[in-house]
Amino acid sequence: MAKQLVLMKGNQAIAEAAIRCGCDGYFGYPITPQSEVLEHLMAERPYLTTGMVVLQAESELASINMVYAGAAAGKRVMTSSSSPGFSLMQEGLSYIAGAELPALCVNVVRGGPGLGTIQPSQSDYFQTTKGGGHGDYRLITLAPASVQEMYDFVELGFDLAFKYRNPVAILSDGVIGQVMEKVMVDDYKPRWTNEYIEENCPWAATGHRSTGKHRIVTSLELEALKQEAINDRIQAKYRKCEEEDARYEAIQCDDAEYVFVAYGSAARICMKSVELARAEGIKVGLIRPITLWPFPTKAVKEIGGRMKKILSVEMNAGQMIEDVKLAVDCKVPVEHYGRYGGVIPTPVEILDALKKMVK
Amino acid sequence: MTREDIIKPENLVYKRTPVLTDATMHYCPGCGHGVVHRIIAEVIEEMGIQDNVIGISPVGCSVLAYNYFDVDFVEAAHGRAPACASAIKRLRPETFVFSYQGDGDLASIGCAEVVHACNRGENITMIFINNGIYGMTGGQMAPTTLEGMETVTCPYGRDPKIMGHTMRLTEMLAQLPGTYYVTRQAVYTPAAARKCKKAIRQAFENQKLNKGVSFVEVTSNCNSGWKMTPVQANKWMEENTLKYFPLGDMKVDGKFDPKFIERVGTFDQPNETIFSLRKK
């Protein structure tokens, strides 16, 4: 079966992409609004076709630790959840980062704090990009703005996870997870063979001691100087990642005097606001960060630096705005417009916020 | 007779299994961990599976177990070893997978993971060292601490009215259909250690049969945490711990041992402090 155009939900696209890109295992726990990931996998039963393991775990704690161990054994493994469940996974993500393992975790964000709401939100930006667990680590964070990107970012996420041996998050939200759109799906790619893993992942505890000595996967180092050296190595990876893998999209920025900075579903809404504003003669563009960590600092500095004002549009009370301000060194005024608690802003109200800022 | 005269192959009566590394163990003198490590390593050697096994170490005294076994190892977060072992066995069914946990790790913080791994009938071997105390953090009360027993977080003795009852988790797990072999062993005498080795061998052999969880509790001492000499600790364990945690099989080949069923029938009796464990 070759490439194919299908209509599906964002959450289903995550699941379908996992099967087709050769993922070895998915471990998850039901939570709204992301349960379709697990449901789609259980309906498709990839364990009968590609051999991919799918398991409904007893909790998010169990699922993230299953991911930790699966990654430790050299396998391409993932989980998904929504905000409260993702909070429970933070300890595990810290261990995955500390043990320098590749893994993919999807957060289909809902409004908080606490049990909050099941409606979409972007209120987990801080948690995801600033390190929600303990210790100095970063989550490489991809922010899809369409169902197609939900699909594409699964394989990209695995590639980045293995490139840096670090956990990667897909920071989606209830809009992108639930909406149905056209998706171009790829042909099935084979899973990695055990021989390939032995050859390419010498760090993995495969059980077979093929390097001639036992492999230990741990995040423990009791001697401070050695632990500092491990941290140095991890930080060096992060600097390389910032250099090589910051991604963004710039829309109508060339002649713009003002710019929105927005990601995910907020960016999709801003695309319409750009259209409406330009019809009224306001020259506005949009910078859409695709990686939230590493944040596309250079692009925001370069493009944002040319603007009269910047509006950070987020479905939260103002989180990414801090990175925008840092990027432009506060040399350009940066304002925030946000709705939160599960409320989705309309293109018109973002346009109104822009007009207020322009005045 | 010189040293060289003695060190000859024909004089060899015992040698360390090559499945254990040269690393010096950090365990306290008199602790049972070292013996259990040796038993597991010998079983791995005897079964010829050294190049086909993944161990999962816990958080607790045996957190560094991976340094002592010359087999691939993954160090789990506190309590999550059964989840880790489940995932690895499913992703790598060709390997023998065993988890190694203490009572704080398994019976307290990891209670959910062990119950669900057992309930799913994961085809793994679980080793559970129960010494009734948190050893590594300095001797705090565990779910398995006996009633009346003193620890640094129950310095006046464990009072079940305030601190809950002594937990027999292994008895609970035996009642789950996913467990195939459940036994309680000890290593405080050579005879007990030999029996324990037989049980651990069985627990590894069962993985070949794909029947579900093989669970071996090893009731052990913690002379440091109990503030006793190793000899005193073993005597104390025999006189107190083994009354509440009797040794023997609970489930073999997926079937309950009759003596176990009889014993479970006594669990609903009103709780009374049967031990007077105050040392002073």
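## Backbone exceptions in the loops

In this predicted model, Glu100(A) is found in the loop between α5 (90–98) and β5 of chain A, and its phi is near 55°, a positive value in a residue other than glycine. Glu100(A) is partly exposed, with 19 other C-beta atoms within 10 Å. In chain B, Asn210(B) lies in the loop between α8 (190–209) and β6 (213–219), and this residue also has a positive phi, of about 60°, although it is not a glycine. Asn210(B) counts as exposed, with 10 C-beta neighbours inside 10 Å. As background, most residues other than glycine have a negative phi, and most peptide bonds are trans.

Two peptide bonds of chain A are cis: the bond from Gly112(A) to Pro113(A) has omega near 0°, and the bond from Trp293(A) to Pro294(A) has omega near -5°. Pro113(A) has its place in the loop between β5 and α6 of chain A, while Pro294(A) is in the loop between β13 and α12 (297–304) of that chain.

## An enclosed helix

Helix α1 of chain A, made of residues 10–20, has eleven of its eleven residues buried, so the helix is largely enclosed by the rest of the structure. Among these buried residues are Gly10(A), Asn11(A), Gln12(A), Glu16(A) and Arg20(A). After α1(A) comes Gly22(A), whose phi is positive, near 90°.

## The seven-stranded sheet of chain A

Chain A contains an open sheet of seven strands in the order β3-β2-β4-β5-β7-β6-β13, with mixed pairing. The strands at the edges are β3 (53–56) and β13 (291–293), each with a single partner strand, so one side of each is left without a neighbour in the sheet. From one strand to the next, the twist averages 20°. Within this sheet, strand β2 (residues 25–28) and strand β4 (residues 77–81) of chain A pair in the parallel sense over two bridges, and Tyr26(A) stands opposite Met78(A) in β4(A). A helix of the other chain, α3(B), packs on the sheet and touches β2 and β3 of chain A, with a direction that makes about 150° with that of β2(A).

Strand β5 (residues 103–109) of chain A holds Val108(A), a buried residue with 31 other C-beta atoms within 10 Å. Leaving aside residues up to four places away in sequence, Val108(A) touches several residues, including Asn11(A), Pro33(A), Ser80(A), Ser172(A) and Gly177(A). Asn11(A) is in turn one of the buried residues of α1(A). By contrast, 39 Å separate the C-alpha atoms of Val108(A) and Ser210(A), which are 102 residues apart along the chain.

Where they meet, 25 residues of domain 1 are in contact with 21 residues of domain 2. On the domain 1 side, α6 (125–129), β6 (140–142), β7 (167–173) and α8 (174–178) of chain A each supply at least two residues, and α6(A) gives the most, with four residues. By class, this side has twelve nonpolar, ten polar and three charged residues.

The largest nonpolar core has 192 residues, of which Ala72(A), Val259(A) and Cys84(B) touch the most other members. Helix α7 (residues 147–164) of chain A provides the largest share of this core, eleven residues, and at least three residues come from each of domain 1 and domain 2 of chain A. Not counting residues up to four places away in sequence, the contacts of Val259(A) include Cys253(A), Val284(A), Leu286(A), Ile303(A) and Met307(A).

## Where chain B meets chain A

Between the two chains, 27 residues of chain B are in contact with 32 residues of chain A. The elements that give two or more residues to the chain B side are β1 (53–57), β2 (72–75), α3 (81–91) and α5 (111–120) of chain B, with the largest share, seven residues, coming from α3(B). By class, this side of chain B has 15 nonpolar, four polar and eight charged residues.

Strand pairing also links the chains, for two bridges join strand β9 (residues 216–217) of chain A to β2(B), and these strands run parallel. In this pairing, Val217(A) stands opposite Val74(B) in β2(B).

Methods: Residues numbered from 1 in each chain as written. Chains lettered and ligands numbered in written order. Predicted model: local features only at pLDDT ≥ 70, side-chain atom pairs only at ≥ 80, totals over all residues. Buried ≥ 20, exposed ≤ 12 C-beta atoms within 10 Å, placed from the backbone. Contact = placed C-beta atoms within 7 Å. Nonpolar A, V, L, I, M, F, W, Y, C, P; charged D, E, K, R; others polar. Pairing = 2+ DSSP bridges. Core = buried A, V, L, I, M, F, W, Y, C linked by C-beta atoms within 7 Å. Domains from an automatic or database assignment. Axes fitted to C-alpha atoms, helices over the stretch in contact; angles between N-to-C directions.
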